[in-house]
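The exercises below are meant to be worked with the sequence and the coordinates side by side.

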Amino acid sequence: MSPTRTEIRGVIVGRLRAWYALDPREIADDRPLAELGLTSRDAVALTSLLGDLTGRRLPDTLLWETGTIDALVDRLTRPRPEVAPDARDPRPTAPPVAVVGLGCRFPGGADTPDAYWRLLTEGRDAVGTVPAGRWEPAPPADVTRHGAFLDDIAGFDAEFFGIGAHEAAAMDPQHRMLLEVTRDALDHAALPAGELAGTRTGVFVGISGNEYAHLTAADPDAWTATGAASGVAAGRLSYTLDLRGPSLAIDTACSSSLVAVHHAVRSLLTGECDAALAAGVNLLLTPAVTLGLQRAGALAPDGRCKAFDAAADGVVRGEGCGVVVLKRLTDAERDGDRVLAVITSTAVNSDGRSNGLTAPNGEAQHALLAEAHRDPATVDHVEAHGTGTALGDPIEASALGAVFGAGRDPDRPLLIGSAKTNLGHLEAAAGIAGLIKTVLALHHGEIPAQLHFTRPGPHADLDALGLRVVTSAEPWPRYSGTATAGVSAFGFGGTNAHVVLTEHRASARPQSPGERPALLLLDGPTGERVRSYAGELADWLHTAPRVRDSDLARTLAGRTGRGRHRAAVVTRDRSQTVHALRRLAAGGSSPHLVTGEGTPDGPGPVWVFSGYGSQWPGMGRRLLTAEPVFADAVERLEPLLRWHAGVSLSASLRPDADLSSPAVAMPVLYGIQLALAELWSSYGLQPAAVIGHSLGEIAAAVVSGAIDSVAGARIVAARSRLLAGLTGGAMAVVDRAEGDLRTPARDLPTVRVAVHASPVQSVVTGSAAEVAELVARVRADGGFARFLDMSGAGHSPEVEPLLCEFAAELGVVQSTDPCCRRYSTVLDDPRDTAACDTAYWVANLRRPVRFLHAVRAAAEDGHRVFVEVAPHATQSHPLTDTLPEGSLVVPTLRRNTDDALTFRTSLATLLVHGVRVDGLRERFDGRIVDVPSPRWQHRRFWFG
């Protein structure tokens with residue numbers, strides 16, 4: 001027969017009176033037993049007595065799990081129900097959250113996710129002794145020297161963040177480390193920091209200690225308050241990166257960083273933010289807390305955390321910083337992020353009135369785990385809080401067993417372990433260290449071993465609880481078919497946190513065409529830093545043969561925005577890549593290397609569509625295999641040009657194509673210009689304005705939206721057919737502007753300017769004899785003059801007989817308002833917004849090309865970037881001669897070159913000169929992979 005509540009209470013009260021001479025009036029049922037004086041030894045004895053009374057084997061931790069007489073009596077008279085193995089949580093499932101980036105700086109050289117993973121899989125213990133000079137003046141002689149310490153906590157790259165020396169010295173080194181590790185995490189995620197500016201990105205930082213404030217308060221200055229305040233740790237990140245989401249510093253002691261993750265996840269799920277940075281940081285700057293914990297008996301004498309082991313006798317303190325980058329899974333998949341793991345649930349609660357302020361509460365842990373996990377029997381592994389204490393470990397194991405072990409097949413135990421056996425107890429950063437370990441384990445498909453475990457402790461029967469400590473690396477058992485894990489962190493103030501994660505099986509990303517050159521982007525606040533990183537990258541590539549250049553390119557494209565100094569490497573193979581990087585590191589040049597700096601002024605790029613003469617056999621041929629967007633555009637335009645012009649665009653791109661006739665070459669140029677425009681657009685480039693040179697005005701009008709591609713095909717077909725039959729007259733290019741031609745052409749009445757090319761160049765037409773005479777005079781005067789190979793003189797009186805027929809063939813040409821500025825090379829005022837109707841195209845055929853005036857107008861309007869959209873750069877010199885110094889003129893392709901390489905070099909040229917492209921990373925194929933970030937350039941900053 002089971003004892004009654006009165007009988008059980010009588011045994012408890014009787015023992016307390018006998019042991020501690022307590023007055024019965026002092027023994028309140030809701031008062032923690034620890035406050036009544038109950039010691040750990042007597043708690044074990046009382047548990048044994050209660051076991052005899054109830055006829056049950058009770059856990060040695062019973063009185064810590066149920067810290068009051070009320071709770072204890074309730075536990076023994078109304079046993080808590082077990083979790084049924086087939087129970088299903090009726091609560092709605094929260095949308096999952098993706099972990100897309102990691103940053104860490106942990107002891108043992110684990111300053112990258114890859115280095116941390118190596119430390120874990122190699123089974124290394126990062127615990128050492130206090131670094132020389134860390135605790136000065138000398139601490140008490142009896143304080144333990146054991147700890148997991150970082151090598152350099154005074155070093156900081158203040159220059160990178162634009163922080164002055166005085167402010168840097170006043171900053172808590174935890175704040176400094178957060179800045180650097182956060183940038184590392186964004187690099188790992190391949191998320192450009194600049195693209196987060198102004199967005200609803202939240203910052204959630206777990207931070208507990210502020211020992212540096214004790215130093216800086218001794219001699220305060222303007223930076224003391226912000227430098228020492230824990231609350232500023234999150235605010236400084238939001239300020240530095242211009243993030244507009246929630247910004248919270250969270251202190252729940254040892255659970256701080258996992259509570260930060262919980263709030264980050266909730267903020268994402270409520271829509272309060274669209275991306276989140278969750279972090280934890282901890283430094284051991286003075287011996288005070290260590291000494292206090294040591295005197296309380298909480299520290300392991302040998303400096304080792306021995307979680308769940310029979311020899312567990314305390315923790316060892318550690319320090320470090322970890323950051324995770326989070327997004328809603330749907331957003332991460334939409335944005336093409338690398339998803340390392342998925343958070344499916346989080347939970348936070350409190351121990352409440354446990355058996356002492358710092359005593360764990362097994363009931364609260366049980367409730368936390370039950371709330372977080374919908375189907376506990378399918379969970380593979382839990383990264384436990386696992387401090388390695390004689391009290392905490394059995395209580396945690398009991399809660400784990402109660403939730404996960406019920407009904408579990410003995411052959412499918414819950415695997416457990418603790419990173420504290422590698423790193424020590426990182427306190428405010430402990431949860432994030434465990435989370436990052438678990439994310440890496442899910443990503444790599446392997447659970448690393450826990451250290452310092454030989455046999456289970458006497459107060460927790462792990463086998464009976466359905467638990468097993470992982471003592472050697474093993475693959476995920478995937479009990480549910482999907483690797484699933486939990487991570488726990490318990491604060492010694494009573495706040496508990498748990499996070500549930502699963503692996504993510506990404507769909508295969510389309511591979512880039514084999515002929516596409518790689519484009520690697522590097523940037524930094526100084527040219528020296530860019531060169532330094534180029535050398536680091538070249539050295540690393542020798543050790544990373546499995547990293548494809550396309551993966552490297554996509555990853556680096558997600559790291560732009562580090563500074564105004566930029567470089568790009570455009571290559572076709574690894575040897576070219578390494579050689580170009582080494583040339584960059586040495587300050588040299590290479591045909592595969594482009595450098596630039598700054599950001600262009602003005603309203604945006606002008607796309608210049610040049611005219612007849614830029615064609616060449618085989619143009620665009622390699623783009624057909626290297627750039628699918630270009631190939632698709634050619635395929636789409638093929639029937640259009642066949643129908644209207646009788647020309648095969650694809651056949652005309654062959655190396656043996658005959659492009660000698662305007663009837664073929666002009667429609668082909670129109671088609672290739674539209675395809676090149678689509679190619680530029682596919683990389684995120686859009687024109688702020690367009691200029692068309694003669695024939696090029698047709699493609700310019702289509703790209704601006706003034707006419708559609710069908711109207712453009714009709715115009716170019718009629719125009720080219722008529723001009724193919726044009727004979728008479730001649731054309732020449734001369735290095736003279738219109739005003740400078742009056743003297744040499746004074747007695748040559750048929751000579752006229754057909755193209756106003758630049759302030760120092762014109763194209764003239766006239767009778768063959770008079771054009772020949774003008775060429776001779778210019779050459780005799782020391783100038784440049786060259787005949788153009790044309791069968792007839794365009795933009796001259798010679799075309800007037802064609803105009804009526806041209807207009808009749810065009811009929812009505814529908815024109816709409818363009819979507820960008822279109823500078824006319826036909827009208828007297830290049831800014832005139834006249835419709836691109838039939839009359840306009842007749843004028844385009846007859847009137848001189850006022851290219852100089854259009855370019856000059858664009859320059860006057862502030863444009864400084866000009867991209868020539870053509871298979872060869874025929875207008876580079878006229879543009880350069882017309883534009884003010886500092887303008888950027890970029891070709892799309894060049895005659896007789898590898899056009900895929902040339903295009904990407906032109907793209908690189910725009911990018912390194914600061915032309916903005918939104919979502920640049922997603923314009924690149926390949927996968928996001930682990931690539932080293934630039935090394936931080938540390939200087940020592942320390943108060944005093």
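Two residues are in contact when they have heavy atoms within 4.5 Å of each other. The model used throughout these exercises is a predicted one.

**Exercise 1. Surroundings of Leu-556**

Task: Determine in which helix Leu-556 is found, decide whether Leu-556 is buried or exposed, and list the residues with which Leu-556 is in contact, leaving aside neighbours within four places in sequence.

Solution: Begin with the secondary structure, where Leu-556 falls in helix H22, which covers residues 549-557. Next, take the relative accessibility of Leu-556, which is 2%; because buried means under 20% relative accessible area, Leu-556 counts as buried. Then, with neighbours within four places in sequence left aside, the contacts of Leu-556 are Leu-520, Leu-521, Tyr-533, Leu-537 and Val-931.

**Exercise 2. The nonpolar cores**

Task: Find which residues touch the most other members of the largest nonpolar core, and which helix gives the most to this core.

Solution: The largest nonpolar core holds 112 residues, and within this core Trp-607 and Trp-841 touch the most other members. Helix H26, residues 662-682, gives the most to this core, contributing 12 residues. Turning to Trp-841 and not counting residues up to four places away in sequence, one finds that Trp-841 touches Glu-697, Ile-698, Ala-701, Ile-707, Ile-715, Phe-806, Leu-810, Val-813 and Cys-836.

**Exercise 3. Helix H12 and its end**

Task: Identify which residues of helix H12 are buried, and examine the phi of Asp-242.

Solution: Going along helix H12, residues 232-241, the buried positions are Ala-233, Ala-234, Arg-236, Leu-237, Ser-238 and Leu-241. Continuing just past H12, one reaches Asp-242, which takes a positive phi of about 55°.

**Exercise 4. The protein as a whole**

Task: Describe the protein through its secondary structure, its burial, its contacts and its charged side chains.

Solution: Counting the elements gives 34 helices and 29 strands, and the C-alpha trace spans about 130 × 60 × 45 Å along its principal axes. Of the 944 residues, 58% count as buried. Among contacts with a separation of 6 or more, 78% join residues 24 or more positions apart. Finally, the protein has 91 positive and 109 negative side chains, with the centres of the two sets 1 Å apart.

How values were computed:
Residues are numbered from 1 along each chain as its sequence is written. This is a predicted model: local features need pLDDT of at least 70, side-chain atom pairs count only at pLDDT 80 or more; totals for chains, interfaces and linings use all residues. Side-chain values use heavy atoms; hydrogens and water are left out. Helices (H or I, at least four residues) and strands (E, at least two) are DSSP runs, numbered from the N terminus. Buried means under 20% relative accessible area, exposed over 50%, partly exposed in between (1.4 Å probe, protein chains only). Lys and Arg count as positive and Asp and Glu as negative; His and the chain ends are not counted. The place of a charge is taken as NZ of Lys, CZ of Arg, CG of Asp or CD of Glu. A nonpolar core is a set of buried Ala, Val, Leu, Ile, Met, Phe, Trp, Tyr and Cys residues joined through side-chain atoms within 4.5 Å.
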